[in-house]
Amino acid sequence: MSKPPRLTLPSGARAYLLSTARGEFAVHEAGEPVRGTALLVPGFTGSKEDFIGLLEPLAAAGYRVVAVDGRGQHESPGPREEPAYALEELARDVLAQAAAVDGRPVHLVGHSLGGLIARAAVLRDASPFASLTLLSSGPAAIAEEQRERTKLLVAALEAMREDMQGVWTAMRSFDPEDAVPDAPELAEFLRARWLATVPEQLIATGRILVSEPDRVDALSAVELPKLVLSGEVDYAWPVPLMDEMTERLGAARVIVAGTEHSPNAENPQVTASALASFWDSCPKVS
């Protein structure tokens with residue numbers, strides 16, 4: 001799971017509920033659209049806080065940045081029905097969010113599962129977007145070892161969806177013994193985020209991660225600037241797989257040194273610089 005580098009918003013950023021045609025979504029926003037607007041979509045078990053380290057540097061680079069909790073994720077409301085979290089439903093949410101944050105095309109960034117959701121949104125309708133960044137997200141389902149782990153988690157949630165604390169305790173018991181303990185404030189945030197997320201959202205999106213087909217060829221046909229950004233190591237999608245996907249897409253490629261699955265949280269300054277440079281290189285669309 002992604003662990004935010006900090007939990008307090010930078011000066012000038014704000015948290016609010018974004019009203020869209022598909023309901024309200026909790027967001028963090030920073031910056032003015034001097035050079036453009038960006039919409040950031042988090043991954044499985046994640047939230048808008050995973051992008052908190054990007055807000056200040058991207059705002060300083062001249063971008064309005066909106067990081068969002070998806071439906072049923074952390075502080076965004078969502079129903080207790082699994083079909084509400086089908087990939088196409090989540091893609092429609094992203095399109096509604098893009099329409100609500102800005103009337104002009106926006107730069108779309110999807111982290112991990114968020115990359116699969118962002119891809120589905122672009123394949124449904126690319127017109128709202130100025131570019132697409134797949135951040136630590138691959139061409140299809142996650143790697144086999146991670147598929148097995150995710151299937152176990154989904155099975156536990158199906159059996160214990162009314163005891164999210166129990167699932168959390170069991171899940172954290174598998175943390176490596178030599179792992180550096182989280183600071184108390186971060187540990188409490190991670191637990192509270194888990195408890196606030198609708199279990200049906202986790203069940204449905206976990207199934208997406210283990211079953212998503214390869215849709216790279218379809219995405220490559222979409223005329224939109226694309227960036228594949230990742231760390232040096234990735235347990236969900238091996239880096240060579242993302243390298244191959246980059247070639248198939250004809251996309252730009254950035255690897256953030258010293259990071260793994262969440263360069264947005266592990267080295268937000270370098271990640272923000274890479275994003276801003278890519279967005280600056282995109283054709284200006286009015």
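**Reading a sheet and its helices**

Modeller: Let's start with the sheet: 8 strands make an open sheet, ordered β1-β2-β4-β3-β5-β6-β7-β8, with mixed pairing. Keep in mind that this is a predicted model.

Biologist: Which are the edge strands?

Modeller: They're β1 (14-20) and β8 (252-256), each pairing on one side only. From one strand to the next, the twist averages 25°.

Biologist: How do I read the pairing of β3 with β5, parallel or antiparallel?

Modeller: The general idea first: strands of a sheet pair through backbone hydrogen bonds, either parallel or antiparallel. Here, β3 (residues 36-41) and β5 (residues 106-111) run parallel and are joined by 4 bridges. To find your place, look for Leu40, which stands opposite Val109 in β5.

Biologist: And which strands does helix α3 lie across?

Modeller: Helix α3 (residues 113-124) lies across β3, β5 and β6 (129-135), at about 140° to β5. Then there's helix α9 (residues 239-249), which lies across β6, β7 (226-231) and β8 and runs at about 170° to β7.

Biologist: What about two helices, say α4 and α7: how do they cross?

Modeller: Two packed helices are described by the angle between their axes and the distance between the axes. For α4 (residues 144-160) and α7 (residues 199-211), the axes come within 9 Å and cross at roughly 160°. Angles over 145 degrees count as roughly antiparallel, so that's what α4 and α7 are to each other. Their crossing is left-handed.

Biologist: Which residues make the contact?

Modeller: From α4, Arg147, Thr150, Lys151, Val154, Leu157 and Glu158; from α7, Leu202, Ile203, Gly206, Arg207 and Val210. That contact divides into 5 nonpolar, 2 polar and 4 charged residues.

Technical notes. Residues numbered from 1 in each chain as written. Predicted model: local features only at pLDDT ≥ 70, side-chain atom pairs only at ≥ 80, totals over all residues. Heavy atoms only, no water. Axes fitted to C-alpha atoms, helices over the stretch in contact; angles between N-to-C directions. Parallel < 35°, antiparallel > 145°, perpendicular 65-115°, else oblique. Left-handed = near helix turned anticlockwise from the far one by under 90°. Contact = heavy atoms within 4.5 Å. Nonpolar A, V, L, I, M, F, W, Y, C, P; charged D, E, K, R; others polar. Pairing = 2+ DSSP bridges.
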